[in-house]
Amino acid sequence: MAKDYLQDALQTFNDADWYGWKKEDSEGNKIPNDQRMTYANIEIIKEGATMPTEAEVNAKIEELKQAEVDKETKKASAKSKLEALGLTTEEIKEAFGI
């Protein structure tokens with residue numbers, strides 16, 4: 001299952017549970033479930049919450065993606081260093097889960 005970066009990003013704005021998804025478009029047509037979870041269909045459901053701009057949301061998505069890349073890069077670097085110290089791949093996996 002693919003990671004839902006949009007929802008992860010949205011949860012960093014305001015407090016938790018501040019948004020929901022529109023069920024109908026501006027003309028009253030039902031939005032299919034597989035098309036609802038987009039920036040255009042966000043609705044504020046918590047009083048006092050403010051809508052981040054699409055640019056802010058996209059920047060947060062990129063930040064989250066980069067954090068995952070950085071984490072994997074650090075894991076690979078740590079594994080290489082441990083192998084250079086003489087640990088086997090099996091020992092590294094057993095001890096550190098990498």
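**Rings, charges and a core**

Q: Hi! Where does the charged end of Lys-3 sit?
A: Hello! The charged end of Lys-3 sits over the ring of Tyr-5, 5.9 Å from the centre of that ring. Keep in mind that this is a predicted model.

Q: OK! And which ring does the charged end of Lys-65 sit over?
A: The ring of Tyr-5. The charged end of Lys-65 is 5.3 Å from the ring centre.

Q: How many salt bridges does the structure hold?
A: Five. One of them joins Asp-15 and Lys-46, whose closest N and O atoms are 3.8 Å apart.

Q: Where in the chain are Asp-15 and Lys-46?
A: Asp-15 is in the loop between α1 and β1, while Lys-46 is in the loop between β2 (42-44) and α3. They are 31 residues apart, and the pair links distant parts of the chain.

Q: What about Glu-63 and Lys-60, where do they lie?
A: Both lie in helix α3, three residues apart, which is about one turn of the helix.

Q: Let's switch to aromatics. How many aromatic pairs are there?
A: Two. Trp-18 and Tyr-19 form an edge-to-face pair, at 5.2 Å centre to centre with 65° between the planes. Tyr-19 and Trp-21 form an edge-to-face pair as well, at 5.5 Å and 75°.

Q: Which residues make up the aromatic cluster, then?
A: Trp-18, Tyr-19 and Trp-21 form one cluster.

Q: Is Trp-18 buried or exposed?
A: Trp-18 is buried, and Tyr-19 is too. Trp-21 is also buried.

Q: How many residues make up the largest nonpolar core?
A: It has 12 residues, including Tyr-5, Phe-13, Trp-18, Tyr-19 and Trp-21.

Q: Which element gives the most to that core?
A: That would be α1, with four residues. The elements that give two or more residues are α1 (5-10), β1 (19-21) and α3 (54-84).

Q: I can see Val-57 in there. What is it in contact with?
A: Leaving aside neighbours within four places in sequence, Val-57 is in contact with Leu-6, Ala-9, Leu-10, Phe-13, Tyr-39 and Pro-52.

Q: New topic: what is phi of Asn-14 near?
A: It is near 55°, a positive value in a residue other than glycine. Asn-14 is in the loop between α1 and β1, and it is partly exposed, with a relative accessible area of 31%.

Q: Last one! Where is Glu-54?
A: Glu-54 is in helix α3, and it is partly exposed, with a relative accessible area of 42%. Glu-54 and Ala-40 are 14 residues apart in sequence and 8.8 Å apart in space, from C-alpha to C-alpha.

Terms used
Residues numbered from 1 in each chain as written. Predicted model: local features only at pLDDT ≥ 70, side-chain atom pairs only at ≥ 80, totals over all residues. Heavy atoms only, no water. Phe/Tyr/Trp six-rings, centres within 6.5 Å; stacked < 30°, edge-to-face > 60°. Buried < 20%, exposed > 50% of the residue type's maximum accessible area, 1.4 Å probe, protein only. Lys NZ or Arg CZ within 6 Å of the ring centre and 35° of its normal. Core = buried A, V, L, I, M, F, W, Y, C linked by side-chain atoms within 4.5 Å. Contact = heavy atoms within 4.5 Å. Salt bridge = Lys/Arg side-chain N within 4 Å of Asp/Glu carboxyl O.
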